[in-house]
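Thanks for coming. I will keep this short and go through one structure. Please have a look at the sequence and the model before I start.

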Amino acid sequence: MAAENPNPIQALIQTVERFSSCVQTHLANFTQQAHRPSPTKRNPLMSLSSSVNADSPATATHLLIKVFTFIPSVDSSLKPSAPVTKEELGRATWTFLHTLAAQYPENPTRQQKKDVKELMSILSRMYPCKECADHFKEVLRANPVMAGSQDEFSQWLCHVHNVVNRSLGKLIFPCERVDARWGKLDCEQRACDLQGTTTKNIDL
Ligand SMILES: Cc1cc2nc3c(=O)[nH]c(=O)nc-3n(C[C@H](O)[C@H](O)[C@H](O)COP(=O)(O)OP(=O)(O)OC[C@H]3O[C@@H](n4cnc5c(N)ncnc54)[C@H](O)[C@@H]3O)c2cc1C
């Protein structure tokens, strides 16, 4: 052994070089994996503090510094944001409901009529604001869902929204303008249409 490698410093240098090469390969693989887009994990929580180029020469020390200087870069979309207010939730829900009404078919199937009635009923039980849900239950009792056609459903919805508006001291919305305020989703090639939607009133 001593005859093959008489200089102990030389042997040490060779060992460090082998180790360096091994760490470099692992780091290069890790970097590629961390930056490879994946359908389930698009935003890695950790990233390397500086890029590692497998082709560039690097000393063992240099590489070890890179290994131990991971800086967690937490994806900003995962940071807790301010809680949603009752008003924001309300606006988002009314947007959903009026858009659904605008898109509701002229001639709904029996199932579609059943579905919107169930949706309203579930909303009155599961809406994530208890006082609103309880109030909406009363509103539904006094104003049973009418969903025989697109026009009937959107007018009914406008009316119940106005019942809620009145109870909150808000302005009453003129329901003859509901079609001007709320429209179908802007969706290419009618891909958002519900089953039973006719070509009537659709700009192609
Ligand atoms: C089912 C339900 C029950 C709710 N109950 C309560 C409650 O009990 N207490 C409470 O504090 N909040 C309640 N909210 C929230 C409340 O209705 C409002 O959403 C919230 O106060 C924000 O009001 P806003 O003035 O921004 O407009 P929103 O009432 O949210 O309306 C959004 C937009 O819809 C349009 N619009 C208004 N009225 C009509 C209408 N009649 N027809 C069509 N379009 C209209 C206007 O352009 C308006 O800007 C409820 C929400 C929902 C969805």
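Let me begin with a question: which hand does the link of Cys-129 and Cys-132 have? The link is right-handed, with 65° about the S-S bond. Keep in mind that this is a predicted model, so that applies to every value I quote. The sulfur atoms of Cys-129 and Cys-132 are 2.1 Å apart in this disulfide. For anyone new to the term, a disulfide is a covalent bond between the sulfur atoms of two cysteines. The structure has three disulfides, and the pair Cys-129 and Cys-132 is one of them.

Now to the ligand. How many residues surround the ligand? There are 23, and the closest are Arg-91, Cys-158, His-161, Arg-181 and Trp-182.

Arg-181 has a polar side-chain atom 2.7 Å from an oxygen atom of the ligand. For His-161, a polar side-chain atom lies 2.9 Å from an oxygen atom of the ligand. Asn-162 also belongs here: an N or O atom in the Asn-162 side chain is 3.0 Å from a nitrogen atom of the ligand. On its own, the ligand has 950 Å² of accessible area, and the protein covers 85% of that.

Where does the ligand sit? The space that the ligand takes is the largest pocket.

Note on methods:
Residues are numbered from 1 along each chain as its sequence is written. This is a predicted model: local features need pLDDT of at least 70, side-chain atom pairs count only at pLDDT 80 or more; totals for chains, interfaces and linings use all residues. Side-chain values use heavy atoms; hydrogens and water are left out. A residue is near a molecule or strand if one of its heavy atoms lies within 4 Å of it. A polar contact is a pair of N or O atoms within 3.5 Å; within protein, one must be able to donate a hydrogen and the other to accept it, and residues adjacent in sequence count only if both atoms are side-chain atoms. Accessible areas come from the Shrake-Rupley method with a 1.4 Å probe; for residues, only the protein chains shown count as cover. On a 1 Å grid over the protein atoms alone, a cavity is a set of points where a 1.4 Å probe fits but cannot get out, and a pocket is an open set with protein on both sides within 12 Å along at least five of seven lines; lining residues have an atom within 4 Å of a point. A molecule sits in a cavity or pocket if more than half of its atoms lie within 2 Å of its grid points. A disulfide is a pair of cysteine sulfur atoms within 2.5 Å.
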